[in-house]
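Q: Got a model open here and want a quick tour. Can you walk me through it?

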Amino acid sequence: MTDHLVLAIDLSSPRGVIAVVRGETVLHEAVFQSERSHNAQLFAPLAAALEVMGHEPAVLVVGTGPGSYTGVRISIAAAQGVALSRGWPIVGWPSIAAVDLPHYQVLGDARRGQFYRAQVKNGVLLAPPVIITSDEARAAAEEPGPWVTLDAKAPLALENIAVHSPDAAQLGRIIARLSESELAQAAAPILEPVYLQEAFITVAKKAGKQVPIQRER
């Protein structure tokens, strides 16, 4: 096991978490609730975490989801700013891989009446999440688990799905375990969220429709 000092950020859910980890030890952790204002609430706990770390060389890891697109983008932007100013390597890691279990299956809500499933082993997402229907989700949940979700509640109210929250401290432990060569391979200057589906864009029914002009009387 390596002795990396790691700053971990996860804003993929309404529960934002920032943690400072060395090896298996959590040196600092800040948790805050925010539905749509992570950008307003991130910087005070981030500054506190950086103060704990001092100027020692470290690694940054960001939870890339799937989850809140806005939250993940904010955390990526903040982490890239810190990495640039301090010269630290930065790693993106799927938030759904940060559950403290050796091997598990993930079932989550993919919106638009669809769901996703994925498999994690030893902190590694074995393949990209697969989109499935509600019937397929129910059938999948009957397969051997354990099964977890990182949603606020179990999809389809399935009783055998354990609810977990994205855990920045666990992200930090995962990265701290990487060898120097593994870390060099995982570090990337450009990070992207884990996308479940293509962006949904609405188009006006009547292109070029004129909007009446309001004139003052």
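Q: Is R138 buried, partly exposed or exposed?
A: R138 is partly exposed, at a relative accessible area of 38%. Buried means under 20% relative accessible area, exposed over 50%, and partly exposed in between (1.4 Å probe, protein chains only).

Q: What should I know about the source?
A: This is a predicted model: local features need pLDDT of at least 70, side-chain atom pairs count only at pLDDT 80 or more, and totals for chains, interfaces and linings use all residues. Residues are numbered from 1 along each chain as its sequence is written, and side-chain values use heavy atoms, with hydrogens and water left out.

Q: Back to R138. Which residue does it form a salt bridge with?
A: D135, with the closest N and O atoms 3.8 Å apart. A salt bridge here is a side-chain nitrogen of Lys or Arg within 4 Å of a carboxyl oxygen of Asp or Glu.

Q: Where do D135 and R138 lie?
A: Both are in helix 4, three residues apart, about one turn of the helix. Helices (H or I, at least four residues) and strands (E, at least two) are DSSP runs, numbered from the N terminus.

Q: And D135, buried or exposed?
A: D135 is exposed, with 57% relative accessible area.

Q: How many salt bridges in the whole structure?
A: Six, from a search of the whole structure. One of them joins the side chains of R177 and E24, at 2.9 Å from N to O. That pair links distant parts of the chain, 153 residues apart. R177 sits in the loop between helix 5 and helix 6 (180-186), and E24 in the loop between strand 2 and strand 3.

Q: How accessible are R177 and E24?
A: R177 is partly exposed at 34%. E24 is partly exposed too, at 37%.

Q: What does E143 form a salt bridge with?
A: R117, with the closest N and O atoms 2.9 Å apart. E143 is in the loop between helix 4 (134-140) and strand 10 (147-149), while R117 is in strand 7 (residues 114-121). They are 26 residues apart.

Q: New topic. What is the strand order in the sheet?
A: The order is 3-2-1-4-5, in an open sheet of five strands with mixed pairing. Two strands pair if DSSP finds at least two bridges between them. The edges are strand 3 (25-33) and strand 5 (90-93), each pairing on one side only.

Q: How do strand 2 and strand 3 pair?
A: In the antiparallel sense, over eight bridges; strand 2 covers residues 15-22. R15 stands opposite Q33 in strand 3.

Q: Which strands does helix 3 touch?
A: Strand 1 (5-10), strand 4 (59-63) and strand 5. The direction of helix 3 makes about 170 degrees with that of strand 4. Axes are lines fitted to C-alpha atoms, for helices over the stretch in contact, and angles run from 0 to 180 degrees between N-to-C directions.

Q: How does helix 2 pack with helix 3?
A: At an angle of about 30 degrees, with axes 12 Å apart. F43, L46 and L50 in helix 2 meet A78, V82 and R86 in helix 3. Contact means heavy atoms within 4.5 Å.

Q: Last one: S75, buried or exposed?
A: S75 is buried, with a relative accessible area of 0%. S75 lies in helix 3 (residues 69-86). Leaving aside neighbours within four places in sequence, S75 is in contact with I9, L11, V62 and G63.
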